[in-house]
Amino acid sequence: MSGAGKTVCVTGASGYIASWLVKLLLQRGYIVRASVRDLNDPKKTDHLRALDGAKERLQIFKANLLEEGSFDAMVDGCQGVFHTASPFYRGVTDPEAELIDPALKGTLNVLGSCARAQSVKRVILTSSIAAVAFNRRPRTPDVVVDETWFSDPEVCKESKLWYVLSKTLAEDAAWKFVKERGIDMVAINPAMVIGPLLQPTLNTSAADILNLINGSQTYLNNAMGWVNVKDVAIAHIQAFEVPSANGRYCLVERVLHNSEIVKILRELFPALQLPEKCADENPFVPTYQVSKERAKTGLGIDFIPFEESIKETVESLKEKSFFSSSAM
């Protein structure tokens, strides 16, 4: 097992990507230190403690993104640090407090702990395609977004894209910090992440699929990138294990308009009650492409097709009773 005898830590371990990351790290033999905000909340910890290998090799710590030094004890002695903790939800009322501070200050907080620990060989930052694709450059079917793109904070502010702004500022600050301190860091930039849920709570990207299958009359006029959670977790581990891994890696299997997602769902699950029309009369927002080159050649990612990912998502949502089985 590639991780035998190595200790790594995962921040925000109860989250969607992080739960899969913990699962696969344990499978590979790593000793895993995992942080959660509340050790007494079974929704944050029970599914992690139930993973194969957890009894022997999983230690769960309490840590707060906004509390300086709260990651010191967990990070000290780790060779790899996977920083996934960052809030992602819609309908925020105070973007600064709810999204920007936890993402930006939290990232610098974790990196500060890494700088103080002598043991850390590499940090893997869970960033987002949000930190890549939102600038003044057009995104049309012939455009290929790649790792050289960076989102523009001013564009984010003008469009009130607060989550996008939080990830953009956090990744930018992280690169500056690690450059100054000589820390080896790799950033992973996934699009909307779907696939099976390990955690008992509903995450934002799975909720977007649930909205389509749970009786909605319309779908939003929107085009987004999608990727399977298992590919994202494997990419994180590869980014730590492959010595030549460096810089950023975009993870997008495909960019689809919501109308195309509804069409795929209709083919896979003919019995589902799916929206028939778009929420507005405007021309469809165009799709675009995202380069897979670095992820494939640098990390060896062979992307799971979107059709398989969405099938797994719907089946997982049903299994966890997020929608009634009579809908299928």
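**Salt bridges and helix packing**

Reply: A starting point in this predicted model is R122, which counts as buried because its relative accessibility is 7%.

Me: Which residue does the side chain of R122 meet in a salt bridge?

Reply: A salt bridge requires a side-chain nitrogen of Lys or Arg within 4 Å of a carboxyl oxygen of Asp or Glu. For R122 the N to O distance is 2.8 Å, and the partner is D184.

Me: How many residues apart in sequence are the parts that the pair of R122 and D184 ties together?

Reply: The side chains of R122 and D184 meet in a salt bridge. R122 belongs to strand β5 (residues 122-126), while D184 sits in the loop between α7 and β7 (185-190), so the parts tied together are separated in sequence by 62 residues.

Me: Is D184 buried, partly exposed or exposed?

Reply: Buried residues have under 20% relative accessible area and exposed residues over 50%. The relative accessibility of D184 is 31%, so D184 counts as partly exposed.

Me: Which strand and which helix does the salt bridge of R248 with E171 tie together?

Reply: The closest N and O atoms of R248 and E171 are 2.7 Å apart, and the two residues form a salt bridge.

Me: Are R248 and E171 buried or exposed?

Reply: The cut-off for a buried residue is under 20% relative accessible area. R248 has a relative accessible area of 6% and is therefore buried. With a relative accessible area of 2%, E171 is likewise buried.

Me: Which helix holds both K105 and D101?

Reply: The side chains of K105 and D101 meet in a salt bridge, at 3.7 Å from N to O. The two residues are 4 residues apart, about one turn of the helix, and both lie in α5 (residues 95-116).

Me: How many salt bridges does the count come to?

Reply: Side chains of opposite charge can pair when their charged atoms come close. The pairs counted include K105 with D101 and R248 with E171. By the 4 Å rule, the count of salt bridges comes to 14.

Me: Are α5 and α7 roughly parallel or roughly antiparallel?

Reply: The axes of α5 and α7 come within 9 Å and cross at roughly 20°. Angles under 35 degrees count as roughly parallel, so α5 and α7 are roughly parallel.

Me: How many residues of the contact of α5 with α7 are nonpolar?

Reply: Residues of α5 such as L99, L104 and L111 are among those that meet α7, where the contact includes W162, L169 and F177. The contact also has 3 polar residues and 1 charged residue. The nonpolar residues number 17.

Me: Where is K160, and is K160 buried or exposed?

Reply: K160 has a positive phi, near 55°, and is a residue other than glycine. Its place is in the loop between α6 (153-158) and α7 (162-181). Since the relative accessibility of K160 is 58%, K160 counts as exposed.

Conventions: Residues numbered from 1 in each chain as written. Predicted model: local features only at pLDDT ≥ 70, side-chain atom pairs only at ≥ 80, totals over all residues. Heavy atoms only, no water. Buried < 20%, exposed > 50% of the residue type's maximum accessible area, 1.4 Å probe, protein only. Axes fitted to C-alpha atoms, helices over the stretch in contact; angles between N-to-C directions. Parallel < 35°, antiparallel > 145°, perpendicular 65-115°, else oblique. Contact = heavy atoms within 4.5 Å. Nonpolar A, V, L, I, M, F, W, Y, C, P; charged D, E, K, R; others polar.
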